[in-house]
Amino acid sequence: QKEGIPYTVTGRESLLRDPQVRGVLAFFRALLCPADRTALRTALLEGLSCPPALVRSVAAGSVAPESVPQWQELREKYLPLLKKSRPHLLLDQFYADIGRSGAEALEKLRNQAVLFRSLPDFLQNLTLGTESDLTRSGGKTYRSDAVSL
């Protein structure tokens with residue numbers, strides 16, 4: 001990285017254990033699969049930092065997620081973009097919207113998303129991918145001549 005040599009890193013890192021990363025991924029999973037209450041709960045708690053009491057009420061079904069203003073606003077903004085936008089561009093925009101641009105773990109997640117054309121493909125790879133399937137770019141873009149680490 002210091003010398004400017006493009007690279008990719010392959011393998012499962014502790015990246016997916018980071019609460020911010022889990023929250024962001026859960027947000028997009030909840031959009032793609034509205035019936036996934038676990039993803040919704042994680043998105044509200046870790047992605048959007050909603051109060052735990054509110055999250056419990058939503059998870060229990062006593063409060064509709066649409067009654068959470070931040071959830072509703074982001075849902076309306078991102079639902080139309082899910083099929084049109086590349087995953088890394090969605091993540092860039094989402095990080096800015098929730099005020100988390102520049103977080104190291106989220107940047108690594110974004111650099112992983114560079115390698116995918118669609119958000120469902122990206123999420124499926126993270127969920128089902130083996131050690132050798134999980135690759136991230138060492139920079140903001142992917143280059144075919146990158147060194148593999």
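**Figure 1. Helices and strands of the predicted model.** The protein has seven helices and three strands, where helices (H or I, at least four residues) and strands (E, at least two) are DSSP runs numbered from the N terminus. From the N terminus on, the order of these elements is β-α-α-α-α-α-α-α-β-β. This is a predicted model, in which local features need pLDDT of at least 70 and side-chain atom pairs count only at pLDDT 80 or more, while totals for chains, interfaces and linings use all residues. Residues are numbered from 1 along each chain as its sequence is written, and side-chain values use heavy atoms, with hydrogens and water left out. The predictor's confidence in each residue, called pLDDT, runs from 0 to 100; the protein averages 82, and 80% of the residues score at least 70. Confidence is lowest in strand β2 (residues 135-137), with a mean of 55, and highest in helix α5 (residues 87-98), with 94. Of the 149 residues of the protein, 43% count as buried, a word that means under 20% relative accessible area, whereas exposed means over 50% and partly exposed lies in between (1.4 Å probe, protein chains only). Contact means heavy atoms within 4.5 Å, and among contacts between residues at least 6 apart in sequence, 64% join residues at least 24 apart.

**Figure 2. Helices α1 and α7 in contact.** Two packed helices are described by the angle between their axes and the distance between the axes. Here the axes are lines fitted to C-alpha atoms, for helices over the stretch in contact, and the angles run from 0 to 180 degrees between N-to-C directions. The axes of α1 and helix α7 (residues 119-128) come within 11 Å and cross at roughly 120 degrees, and α1 and α7 are therefore oblique to each other. Angles under 35 degrees count as roughly parallel, over 145 as roughly antiparallel, 65 to 115 as roughly perpendicular and the rest as oblique. The crossing of α1 and α7 is left-handed, a term for a near helix turned anticlockwise from the far one by less than a right angle, with right-handed used if the turn is clockwise. On the α1 side the contact is made by Leu25, Phe28, Arg29 and Leu32, and on the α7 side by Leu119, Pro120, Phe122, Leu123, Leu126 and Thr127.

Figure 3. The crossing of α2 and α3 is right-handed, and the contact involves Arg37, Leu40, Arg41, Leu44 and Leu45 of α2 together with Pro52, Val55, Val58 and Ala59 of α3. Ser49 sits in the loop between α2 and α3, and its phi is near 55 degrees, a positive value in a residue other than glycine. Most residues other than glycine have a negative phi. At 47% relative accessibility, Ser49 counts as partly exposed.

Figure 4. Pro19 is placed in helix α1 and, at 43% relative accessibility, counts as partly exposed. Although Pro19 and Glu46 are 27 residues apart in sequence, their C-alpha atoms are 5.9 Å apart in space. Pro65 lies in the loop between α3 and α4 and, at 11% relative accessibility, counts as buried. Leaving aside neighbours within four places in sequence, Pro65 is in contact with Arg37, Leu40, Val58 and Trp71. The C-alpha atoms of Pro65 and Val55, which are ten residues apart along the chain, are separated by 8.8 Å.

Figure 5. In helix α4 (residues 69-78) the buried residues are Trp71, Gln72, Leu74 and Tyr78, and they pack against α1 (19-32), α2 (37-47) and α5. Helix α6 (residues 104-113) is mostly covered, with eight of its ten residues buried, among them Leu106, Leu109, Arg110 and Ala113. His88, in helix α5, counts as buried at 13% relative accessibility and, not counting residues up to four places away in sequence, touches Arg110, Ala113 and Val114.

**Figure 6. Cysteines Cys33 and Cys50.** Cys33 counts as partly exposed at 38% relative accessibility, whereas Cys50 counts as buried at 8%. With a disulfide taken as a pair of cysteine sulfur atoms within 2.5 Å, the count comes to zero disulfides.
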